[in-house]
Amino acid sequence: MKISVPTLLVLMSAGVLGLTSAYGQSIPKPDFTAQVDKLLAQMTVEEKVGQMTQVTIDVVSKDMPAPLQPGARHQLDPAKLRTAITKYHVGSILNVMGSAYSVDHWHEIITQIQDVATRETRLKIPVIYGVDAIHGANYTTGATIFPQSLGMAATWNPGLMRRDGEITAYEVRASGIPWNFNPVLDIGRQPLWPRLFETFGEDPYLAATMGVAYVRGLEGEENQINQKDKVAACLKHYLGYSFPHTGKHRTPAYIPEIMLREYFLPTFKAAVEAGAHTVMVNSSEINGVPVHASHYYLTELLRDELGFEGFVVSDWADIINLHTRERVAATPKEAVRQAVMAGIAMSMVPLDFSFYDHLLALVREGAVPMRRIDEAVGRILRVKFALGLFENPYPDKTLRSKFASPEFRAVALQAARESLVLLKNQNNLLPLAPSTKLLVTGPTADKLSVLNGGWTITWQGNEESLYPHEHHTILEALQEKFGKPNVTHVPGASFQEEIDVAAAVQAAQSAQAVILCLGEEAYCETPGNIMDLSLPRAQLNLAQALQQTGKPVILVLAQGRPRLIREIEEKSAAILAAFLPGVQGGTAIAEVLAGEVNPSGKLPITYPRHPNDLTLYDHKFSEQASEHQSYKPQFPFGFGLSYTTFAYSDLALDKTRLKPGEALTVSVTVKNTGTRAGQEIVQLYLTDLYASITPHNQRLKRFEKIPLAPGESRRVTFTLQPQDLSFIGRELKPTIEPGEFKVAVGPLAQQFWLE
């Protein structure tokens with residue numbers, strides 16, 4: 001079905017799915033207890049331990065010459081594959097070796113694996129294959145690639161987020177893979193963290209809403225993951241992973257329980273309630289306790305309290321890391337015991353069979369009871385049954401018909417458009433006239449990798465040669481949009497070093513405007529650690545030199561986190577935050593600069609002004625107590641400009657005094673007071689003015705994205721439920737207290753009392 005852009009906007013406006021009013025509710029899944037129990041009764045201890053073992057594809061592949069060349073041809077090793085499945089009974093394989101594979105090659109891989117598992121083993125238990133499809137099926141060549149999650153959060157559009165999940169599920173399953181290690185539900189409250197771009201931002205409500213929408217897209221409304229175009233979701237990285245004290249990847253977090261439950265748990269709770277089938281664990285530690293070894297986090301909290309029914313998989317090598325890195329286990333064997341007894345069901349070992357050997361010995365010694373093994377294996381088998389793998393573990397080749405279809409790519413392009421956030425537009429410089437003579441410069445101007453970041457074709461996403469050439473860099477898209485004769489390109493600077501700043505300054509003299517493309521090179525995980533949130537000096541110097549020419553400088557920021565621009569913001573005429581918009585990001589950026597698309601994105605994070613002032617939007621009142629202690633970021637959470645203007649009026653509450661258990665209806669009129677159509681994200685914030693735990697300045701509780709024609713008005717209505725007035729109290733439970741509250745929508749606010 002072909003979908004026009006106007007229709008797409010209507011279908012995807014927030015609120016269509018009802019996800020802005022509730023995270024979701026528990027959905028009953030088919031009961032496979034009988035099948036699981038029957039199979040468990042037939043399994044040997046070796047077969048059970050094997051099901052709990054996951055290895056990477058390298059373990060079953062032919063050796064490839066080092067260093068591995070980008071795009072090098074990959075082949076499975078039949079002998080290694082048989083050893084893994086028939087001797088060690090491995091239940092799962094993951095990842096790619098090298099770079100993304102074609103659909104055909106994925107089919108070969110999955111078919112060879114399942115042939116051995118279902119034809120050469122006693123019980124014919126299929127393997128569950130998993131992959132990190134973080135922003136589309138990014139490990140399958142030619143797939144539909146979406147903005148990274150931070151950019152998707154900037155759309156504030158759950159309908160679009162769900163469609164992202166649906167298309168990703170379709171293309172991952174079309175590749176023959178039934179399990180996606182996504183969504184990342186970590187809350188992005190530490191801007192240094194190199195995986196910030198994989199999160200949905202700093203706010204638990206926005207992140208939970210987008211996360212649930214994505215889970216619905218991957219698994220379907222009723223979690224029927226046996227459908228040929230659905231996959232099992234994997235919620236990660238449970239819990240507190242995104243808040244390392246130093247900002248460095250896989251380093252310790254110090255999170256009081258009350259903060260953990262207020263900020264970091266809600267996203268996982270919402271996605272568990274939405275029926276997600278698997279969870280991946282935080283690689284590091286909280287308050288000195290590695291999460292992989294925590295019975296409290298993995299069993300008492302996740303299973304007993306939240307009611308999670310699926311299975312828990314470790315992250316990469318993190319069980320052995322309990323011995324080698326965290327040092328809470330004196331031996332590798334003790335590390336396995338701690339993790340399994342804590343609640344791990346499957347170990348991403350991932351490069352050998354050590355987990356299998358150690359766990360088998362532990363069971364035989366009685367150090368790990370068989371009931372714990374049966375529970376873990378039962379959960380794994382239940383997901384395999386739910387996926388329909390016992391019925392058909394092979395790729396469905398009919399799904400190739402819509403793989404990377406024009407329909408899918410249109411959705412990804414729309415996502416890229418809506419992910420762009422206009423942060424500054426001095427004197428309405430933008431949009432630019434079609435004949436504007438431009439200088440395009442900066443390190444992110446002519447690379448596709450910088451629009452995508454990590455988890456794109458390769459782990460680091462930095463192999464420029466492997467990107468599909470049919471997509472445009474920012475430079476190429478501007479050349480196409482404004483005409484090559486009108487666009488001059490001078491590199492100016494690399495990410496870290498000045499190249500030809502003088503030449504860029506000279507070229508600016510004959511341009512009417514400068515498009516200065518700054519940001520970060522592609523990275524992922526630990527290689528993305530930084531020591532300073534500021535943009536590198538070379539980029540700032542380039543910007544300052546160009547600003548001295550007197551020509552209007554338009555910053556385009558392609559980056560995975562908010563690199564500081566305090567030194568160059570004031571003299572920049574316009575600023576467009578692109579984050580990581582995907583392979584179609586160049587086209588979307590050019591469309592916005594040319595005025596063909598009206599930007600509608602808003603920040604899902606606070607954009608800091610200073611490196612040591614990382615105050616977030618939902619700060620406490622004490623954090624804004626004076627001029628020396630206030631929330632003064634470069635740009636606030638929820639901020640974003642448009643080429644039109646919107647006015648708010650007639651904020652109304654259906655009651656000003658609430659009885660316990662009553663809902664509150666809030667309505668407001670929003671009008672497009674400008675001259676062109678646009679989308680406005682209507683945001684409702686709630687403040688508990690006095691509470692037994694120091695209250696927040698404000699908390700996001702509802703939002704809706706609405707399209708409005710020039711002069712058009714719309715009445716927007718939100719309903720707050722009693723639980724929306726709650727906070728985590730001194731007893732570490734959701735608490736609702738009587739008192740005075742304030743509701744704010746746009747510039748308007750009203751107060752009400754809870755009796």
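Colleague: Which residues of helix H21 are buried?

Modeller: A quick note first: this is a predicted model, where local features need pLDDT of at least 70, side-chain atom pairs count only at pLDDT 80 or more, and totals for chains, interfaces and linings use all residues. Residues are numbered from 1 along each chain as its sequence is written, and side-chain values use heavy atoms, with hydrogens and water left out. Helix H21 spans residues 585-594 and is mostly covered, with eight of its 10 residues buried (buried means under 20% relative accessible area, exposed over 50%, partly exposed in between, using a 1.4 Å probe and protein chains only; helices are DSSP runs of H or I with at least four residues, strands are DSSP runs of E with at least two, and they are numbered from the N terminus). The buried ones are Gly585, Gly586, Ala588, Ile589, Ala590, Glu591, Val592 and Leu593.

Colleague: What do those buried residues of H21 pack against?

Modeller: Packing here goes by contact, meaning heavy atoms within 4.5 Å. On that basis, the partners of the buried H21 residues are helix H16 (406-419), helix H17 (474-482), strand S14 (513-519), strand S15 (553-558) and strand S16 (574-577).

Colleague: How many disulfides does a search of the whole structure find?

Modeller: A disulfide is a covalent bond between the sulfur atoms of two cysteines. In this model a pair counts when the two cysteine sulfur atoms are within 2.5 Å. The number found in the whole structure is zero.

Colleague: Take cysteine 524: how far is its sulfur from the closest cysteine sulfur?

Modeller: Cysteine 524 is buried, at 0% relative accessibility. The closest cysteine sulfur belongs to cysteine 234, and that is too far for a bond, because the gap is 15 Å.

Colleague: Is glutamine 539 buried or exposed?

Modeller: You'll find glutamine 539 in helix H19, residues 537-547. Leaving aside neighbours within four places in sequence, glutamine 539 is in contact with Pro443, Ser494, Phe495, Leu518 and Gly519. Its relative accessible area is 0%, so glutamine 539 is buried.

Colleague: And lysine 484, buried or exposed?

Modeller: Lysine 484 sits in the loop between H17 and strand S13 (487-489). Lysine 437 is 47 residues away in sequence, yet the two C-alpha atoms are 9.7 Å apart. With a relative accessibility of 58%, lysine 484 counts as exposed.

Colleague: Which residues touch the most other members of the largest nonpolar core?

Modeller: A nonpolar core is a set of buried Ala, Val, Leu, Ile, Met, Phe, Trp, Tyr and Cys residues joined through side-chain atoms within 4.5 Å. The largest one has 153 residues, and the two touching the most other members are Tyr238 and Leu359.

Colleague: Which helix gives the most residues to this core?

Modeller: The biggest share is 10 residues, and the helix giving them is H8.

Colleague: What is the volume of the largest pocket?

Modeller: On a 1 Å grid over the protein atoms alone, a pocket is an open set of points where a 1.4 Å probe fits, with protein on both sides within 12 Å along at least five of seven lines; lining residues have an atom within 4 Å of a point. Points are joined across faces, edges and corners, and the volume is the space filled by probe spheres set on them. For the largest pocket, that gives about 1100 Å³.

Colleague: Which element gives the most residues to its lining?

Modeller: The lining has 42 residues, with Glu262, Pro266, Lys701, Gln723 and Ser726 nearest the centre. Elements giving two or more residues include helix H8 (204-219), helix H10 (266-273) and strand S21 (699-708). The biggest contribution is five residues, from H9.
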